[in-house]
Amino acid sequence: MTSDSSSLTDTDPTSGPPPGCPAHGLGAGGPQRLYGPGAKDLGDLYEQLREQHGTVAPVLLHEDVPMWVVLGHAENLHLVRSPSLYTRDSRIWSALADGTVKPDHPLMPHIAWQPICSHAEGDEHQRLRAAVTSAMATIDQRTLRRHIGRYTQGLVNSFCERGRADLVSQFAEHLPMAVMCEILGMPEEYNDRMVQAARDALKGTETAIQSHTYVMDALSRLTTRRRARPEDDFTSHLVTHPAGLSDDEVREHLRLVLFAAYEATANLLANALRMVLTEPGFRAQLSGGQMTVPEAIEQSLWDEPPFSTVLGYYAKQDTELGGQRIRKGDGLLFAPAPGNLDPRIRPDLSASMQGNRSHLAFGGGPHECPGQDIGRAIADVGVDALLMRLSDVQLDCPEQELRWRSSIASRHLVALPVRFEPKPQQDVNLPPRPVAVPAQRATWQVGTLRSEQGTAPEPRPATPPPAAPAPYPTAPQPARPRGILRRLLHWWRGE
């Protein structure tokens, strides 16, 4: 890694940053860039930083902007649960105040302060957050799960007769958008263009501004309609909440909810399906009833959280974290991905985390994700229904050919090609039904017997091999939990 001190500040490049700044000591053992050629595998880089610096490490963002990344599980929780020490208001960030972060910085959309609850503090945070959480509380879970099931059925119908599909572009990237448009109250806006616009805006491409404008125009139309005539949907409850949000505040929070839920859930769906398709033991536990789909989703949230890091938190005063001296105005990355792999809480990464929800995937403290139950429901119902419809689904490429598009914020699976026996379409308004998969052809031996009419000889099945004896007497087995079909039928009926 080459150092470029002149890009850190506008002062004499030979002076370098002051001691205590996360960019101090560039070089061996100093901060590492989270971008560029040396950061192709951020997971490996985080582990190197953990070995060199411990649970909090100095890093450099694009254009060599200094930052701290929090790698420890306990330290991440302390960061998000200590509003007296750390804030999400970037206006106190030293690098922004002194001009180190330029207005055209690539991460400015994530850095810039916005009038939304996740950037506010105190009474203003309480006012905005109360409106969002109250609107979330009006979402009926049974109705939500029916919407998810209906959209899942429709998406699977679109490719089930072909026998092949890409479960990222044809499923994981569509289902969250369809469900979120329904929740917000604009189901008519869900289409390929809306999905592509959201993906493009989040990727930060050359057309990201136009794509962002397309989404915001739809949200503006929705806000205007619901202000004039409220209905029973999330937007209407946000508009009519006693907190009295302005139209701008409503639109900004709709954008926050839509983008955050969309990106997080699309990643969660893709990651969970990849685990099912590439890890035989994982799928065997699901098929055998030893693991439920919700438990599988939680395991995925531990191993591959939808957001690798969240930018950012900022120190309100001089403090200490993970043995590092944090100065007032320093920026810190909340990092669920390396935090979930902290060897102090997961000494054996292969061990199951079933029943354990203490992962960092949805944050914590005052800014904990208010829509996490929606994301879980989309993933639970979507994965369950898809596996019921396509019980023989298999990966259609070598596992090592799977590719990810990585950034500081997330690790997005590019494609998940699969194959399966073609299946008939099903009624989207009914629960998914398992379809019998044609059995593999048995081994036949051609005999010499002919029928009484003198026709061609009929095949005769080979004698099956004797069953292997059990290696030891088996104890009586407890009753198995209900299978996927019965569980889904109970859910569909609201039982």
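This is a predicted model: local features need pLDDT of at least 70, side-chain atom pairs count only at pLDDT 80 or more; totals for chains, interfaces and linings use all residues.
Residues are numbered from 1 along each chain as its sequence is written, and side-chain values use heavy atoms, leaving out hydrogens and water.

**View 1. The open sheet and the pairing of S3 with S9.** Six strands form an open sheet of mixed pairing in the order S1-S2-S3-S9-S6-S4, where strands are DSSP runs (E, at least two residues) numbered from the N terminus and two strands pair if DSSP finds at least two bridges between them. Strands S1 (32-33) and S4 (86-87) stand at the edges, each with a single partner strand, so one side of each is left without a neighbour in the sheet. Strand S3 (residues 65-70) pairs with strand S9 (residues 331-334) in the parallel sense over three bridges.

View 2. Helix H1 (residues 42-53) lies across S1, strand S2 (56-61) and S3, and runs at about 130° to S2; helices are DSSP runs (H or I) of at least four residues, and angles, from 0 to 180 degrees, are taken between N-to-C directions of axes fitted to C-alpha atoms, for helices over the stretch in contact. Helix H2 (residues 73-80) lies across S2, S3, S4, strand S6 (310-315) and S9, running at about 120° to S9.

**View 3. The contact of H8 with H16.** Helix H8 (residues 175-184) packs against helix H16 (residues 372-389) at an angle of about 130°, with the axes 11 Å apart. H8 and H16 are therefore oblique to each other (angles under 35 degrees count as roughly parallel, over 145 as roughly antiparallel, 65 to 115 as roughly perpendicular and the rest as oblique). Leu175, Pro176, Val179, Met180 and Ile183 of H8 meet Ile374, Ile378 and Gly382 of H16, contact meaning heavy atoms within 4.5 Å.

**View 4. The contact of H9 with H10.** The axes of helix H9 (residues 192-203) and helix H10 (residues 208-228) come within 8 Å and cross at roughly 130°, and the two helices are therefore oblique to each other. On the H9 side the contact includes Arg193, Met194 and Asp200, and on the H10 side His212, Tyr214 and Val215 are among the residues involved.
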